[in-house]
Amino acid sequence: MDDAEAFELIDAHLDRQPLTDEQSDALSAWIKADPKRADAAFYRIFLHSYLRARLQHGMLPGPTDLSVINDTSLDDPMEGHAAAFLENRPRGLTAEMRSRRRSRVVALMACSFVVALIGFLGWSYSQGVFNRPVNTLYAYEGFDYPATVLPKSDQKELQWPKIGGMQGLSGGSGWSGPWQETNSKVAIIVDYKKQEMIWEPNDMRKFGPLGYTDSRGNVLQSTGNELRTATSPRNITTRRFNIEGFPESMRDEQGVGRDGSVVWFSFLAQSSMSTASRNRYSYLVIGTKTVAGLRVGKLGAAPSGNWTAVGLMTGAEVNLRTSSFPSGEVVLLVTRVVFRPGPEDAVVWINPALNSEPLVSDAALRLPVPDFRFREIAIHANHSTDFDEIRFGSTFQAVAPIR
């Protein structure tokens, strides 16, 4: 959205014309992108309200009762109009009458500005324009651990480890304990400087570690090595959050996700191949399968192998949404969950621009998720996929920092 379109929307709002959700989101994003735009918006409100007040009270200058206004202030049009209007003297008025008239005009202008300002502030807070939360990072995992030592084999096949892996590793921040491995195989830590993998011909991961640069050249902050999930049968790697690190307004006795709260999370990912046929999967999950939760990643229920999201409810997957992005290419997935009474609202962006919070209309996936809370994160896989830079935070900027 350019400046002219933004000012048109502000004028439309002040003229009591309803804005659509898309227009409101776009205007909010425009104001948030540059602090100077908030000042420009307030100036626009003042000018709009001043001129409308003059129209409503019949005080626009005319040839019959006011002399011609010479507006010489091109650099500051508000100052020019106001000064010119106050200095024009209708014929036949005494100095005392002109003084009273000037006082009434100033008072009217002030009241008009206050009314408009209150109205705009009310709209702004309802849209979250000025009610911006601090960019707080609640939890982070960059997998900056020493590379896993892989079992040696005389055959040309990788012998995936069954012990070790992520078990007991406890780096990052915002966690209450170390990673735990709870299945027949384990995830590993990969260091591309000491690569020992045997690559399949179509495995795009061979070209380097995970990372993300958006279309404008902004680079996501990333460091260290990365996690690689196991091949079949599967691995389940879990870690509990430090619940006390989340604001009290976001949690209750069941965990994080109190109604009215919002959480953002992001991660980098790339699978060894794009297909999910034969139930190949690898995803992150918050919440639980037995009660309710959310899965984001590569799911067996979407055989195309594209990046997907799905809700969980009493053991079943619900409201599955699939994107157009193949899981064989590296992506940045950013998810926002708005916790509401009843179903939660989950929105997933894939490879968004990093300079400002993306619009909902630009999301790759959006789905209602059954009411849930979460206390831990789990990485499930029966197919080799890399994950890195897991972040949970209060805002888009908190989970998508630029290097």
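Val149 lies in the loop between strand E1 (137–141) and strand E2 (180–181), where strands (E, at least two residues) and helices (H or I, at least four residues) are DSSP runs numbered from the N terminus. At 72% relative accessibility, this valine counts as exposed; the term exposed means over 50% relative accessible area, buried means under 20%, and partly exposed lies in between (1.4 Å probe, protein chains only). The C-alpha atoms of Val149 and Ile189 are 8.7 Å apart in space, and the two residues are 40 apart in sequence.

The structure is a predicted model, in which local features need pLDDT of at least 70 and side-chain atom pairs count only at pLDDT 80 or more, while totals for chains, interfaces and linings use all residues. Residues are numbered from 1 along each chain as its sequence is written, and side-chain values use heavy atoms, with hydrogens and water left out.

## The chain as a whole

The chain contains six helices and 17 strands. Of its 403 residues, 47% are buried. Its accessible surface comes to about 19700 Å², and carbon and sulfur atoms account for 52% of that area; accessible areas come from the Shrake-Rupley method with a 1.4 Å probe, and for residues only the protein chains shown count as cover. Among contacts (heavy atoms within 4.5 Å) between residues at least 6 apart in sequence, 70% join residues at least 24 apart.

## Nonpolar cores

A nonpolar core is a set of buried Ala, Val, Leu, Ile, Met, Phe, Trp, Tyr and Cys residues joined through side-chain atoms within 4.5 Å. The largest such core has 43 residues, and Leu294, Phe374 and Phe392 have the most contacts inside it. Strand E8 (residues 262–271) gives the largest share of this core, namely four residues. A second, separate core of 14 residues includes Leu210, Tyr212, Trp264 and Leu268.

Which residues does Phe374 touch, leaving aside its neighbours within four places in sequence? Phe374 is in contact with Phe241, Ile243, Phe246, Gly255, Val256, Val263, Ile286, Gly287, Phe339 and Phe392.

## A cavity in the structure

A search of the whole structure finds two cavities of 30 Å³ or more. On a 1 Å grid over the protein atoms alone, a cavity is a set of points where a 1.4 Å probe fits but cannot get out, and lining residues have an atom within 4 Å of a point. Grid points are joined across faces, edges and corners, and a volume is the space filled by probe spheres set on the points.

The second largest cavity has a volume of about 40 Å³. Its lining consists of Phe265, Leu284, Val285, Ile286, Leu294, Arg295, Val296, Ile377 and Phe392. Strand E9 (282–287) and strand E10 (292–298) each supply at least two residues of this lining. By type, the lining residues of the second largest cavity divide into eight nonpolar, no polar and one charged. In this division, Ala, Val, Leu, Ile, Met, Phe, Trp, Tyr, Cys and Pro count as nonpolar, Asp, Glu, Lys and Arg as charged, and the others, Gly among them, as polar.

## Pairs of residues separated in sequence

The table lists three further pairs with their separations.

| Pair | Separation in sequence | C-alpha to C-alpha distance |
|---|---|---|
| Asp259 and Gly342 | 83 residues | 8.7 Å |
| Glu141 and Gly172 | 31 residues | 4.6 Å |
| Met313 and Leu294 | 19 residues | 9.2 Å |

Glu141 is found in strand E1. Is Glu141 buried or exposed? At 1% relative accessibility, Glu141 counts as buried. Beyond its neighbours within four places in sequence, Glu141 is in contact with Gly171, Gly172, Trp175, Trp179, Arg239, Glu389 and Ile390.

Asp259 is found in the loop between strand E7 (255–256) and E8, and is partly exposed, with a relative accessible area of 36%. Residues up to four places away in sequence are not counted when Asp259 is said to touch Phe339, Arg340, Pro341, Asp371 and Arg373.

Met313 is found in strand E11 and counts as partly exposed at 38% relative accessibility. Its contacts, leaving aside neighbours within four places in sequence, are with Lys289, Val291, Ala292, Val318 and Pro370.

## Positive phi angles

Most residues other than glycine have a negative phi. Thr314, although not a glycine, has a positive phi of about 45 degrees. Thr314 is found in the loop between strand E11 (306–313) and strand E12 (316–326), and is exposed, with a relative accessible area of 62%.

Asn351 has a positive phi of about 55 degrees and is not a glycine. Its place is in the loop between strand E14 (344–350) and strand E15 (365–369). At 25% relative accessibility, Asn351 counts as partly exposed.

Conventions: 1 Å grid on protein atoms, 1.4 Å probe; cavity = no way out; pocket = protein on both sides within 12 Å on 5 of 7 lines; lining within 4 Å.
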